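Hi everyone, thanks for making time this morning. Let me put it on the screen.

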Amino acid sequence: MASLRGVQQPELSKKLFKIIKSENHAIGAYESASRERISIASQISDWGEATGDDSVSDISDKLGVLMSEIGEQEDLFAQNLEDYRSVLKQIRNTESSVQPSRDNKAKITDEIQKLKYKEPQSTKLVQMEQELVRAEAQNLVAEAQLTNITRQKLKEAYDLHSAAVIERAEKQVLLARHMRRLLQLLDDTPVVPGDVRPAFEHGSQARQILNDAEEDLRAWEPSLDAVPSAATDMGTNLMPSSITGAGGTSTVDTSVAGGDEQVTSPAQMDSPEKDRRDVSGSTMVQQEGAGYQQ
């Protein structure tokens, strides 16, 4: 069915339709990676317990907690990419709506050329040329609306995308650094047969590392260069508000049918707010030893 929708897309919107569809596959891959990472975190904890080595068990348990949080960041990243993808749909829908205007203009132009060739003295020529003037005027408005929405939403979409990439990267780096702190607590000095390793003495330090990681995630805030926009005065008809106030109307019907891949009018659609959720509601220390089953 999705392939059929792709075939039915107007020529103008086919390329962006393909991009949006590909992004959907990519988002699914990130969601899958999140689930796999959380599952592996549970497995590393179970394995550490099975070794019978108290030090390995304690460290691997807490590594599993941090790995699980890294997996959660993949899921949050996928959600934020969905916001960016929704903005791209607004451009695609506008492209789909402009296509009929282009086609109508081209059709009338072609009919006039044919009539001039067959009946150069036909009285229909005057009427058809008037229709062409109207079609060109409508297309002129439609093309202006398209370029307005394209530029505005391209900036908005990739503002969301780049912010999501930065958030995921910075949070995962933060978690990875705490993982390295945990590894420093594990004594890997070789022993000879018959030697007994001393008891693990860093349990409280390991637990504090989880607390530090949780606190760092809560305190994290984005530090981004602003992406300025001059499109704040664009009216609901995708034209400058001065034209809207003068009674301008929209030539482009930005609500396009076509299944799950379509969204409502970009002029009526608010920009998606990013779902800035914290990581798991339970604390990392509470997760410790819980097995992280999903």
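Predicted model: local features only at pLDDT ≥ 70, side-chain atom pairs only at ≥ 80, totals over all residues.

Okay, here is what I have. On the α4 side, the residues are Lys171, Leu174, Leu175, His178, Arg181 and Leu182. They meet Ala206, Ile209, Asp212, Ala213, Asp216 and Leu217 in α5. Sorted by class, this contact of α4 with α5 holds seven nonpolar residues, one polar and four charged. For the geometry, helix α4 covers residues 124-183, and its axis lies 10 Å from that of α5 at an angle of about 170°. Anything over 145 degrees counts as roughly antiparallel, and therefore α4 and α5 are roughly antiparallel to each other.

Now let's bring in α3, which spans residues 54-118. Its axis and the axis of α5, residues 203-219, come within 10 Å and cross at roughly 5°. That makes α3 and α5 roughly parallel, because the angle is under 35 degrees. Who is touching whom here? From α3 we have Asp58, Lys62, Val65, Leu66 and Glu69. Across from them in α5 sit Gly203, Ala206, Arg207, Leu210, Ala213 and Leu217. The class count for the contact of α3 with α5 is six nonpolar, one polar and four charged.

If you were keeping track, Ala206, Ala213 and Leu217 of α5 were named in the contact with α4, and they turn up in the contact with α3 as well.

That leaves the pair α3 and α4. Their axes are 8 Å apart, at an angle of about 170°, so these two are roughly antiparallel to each other. The residues in the contact of α3 with α4 come to 33 nonpolar, 13 polar and 19 charged.

Let me zoom out for a second. Of its 294 residues, 37% count as buried. Its accessible surface is about 17000 Å², and carbon and sulfur atoms own 51% of that. Among contacts with a separation of 6 or more, 81% link residues 24 or more positions apart.

Is Gln9 buried or exposed? Gln9 is buried, because its relative accessible area is 8%. Its C-alpha atom is separated by 7.3 Å from that of Ser96, which is 87 residues away along the chain.

Finally, a word on confidence. The average pLDDT is 82, and 77% of the residues score at least 70. Over residues 254-282, though, pLDDT stays under 50, and the model has 73 contacts beyond four places in sequence for that stretch.

That's my tour, and I'm happy to take questions!

Note on methods. Residues numbered from 1 in each chain as written. Heavy atoms only, no water. Axes fitted to C-alpha atoms, helices over the stretch in contact; angles between N-to-C directions. Helix = DSSP H or I, 4+ residues; strand = E, 2+ residues; numbered from the N terminus. Parallel < 35°, antiparallel > 145°, perpendicular 65-115°, else oblique. Contact = heavy atoms within 4.5 Å. Nonpolar A, V, L, I, M, F, W, Y, C, P; charged D, E, K, R; others polar. Buried < 20%, exposed > 50% of the residue type's maximum accessible area, 1.4 Å probe, protein only. Areas by Shrake-Rupley, 256 points an atom, 1.4 Å probe, with all protein chains shown as cover. pLDDT = per-residue confidence, 0-100.
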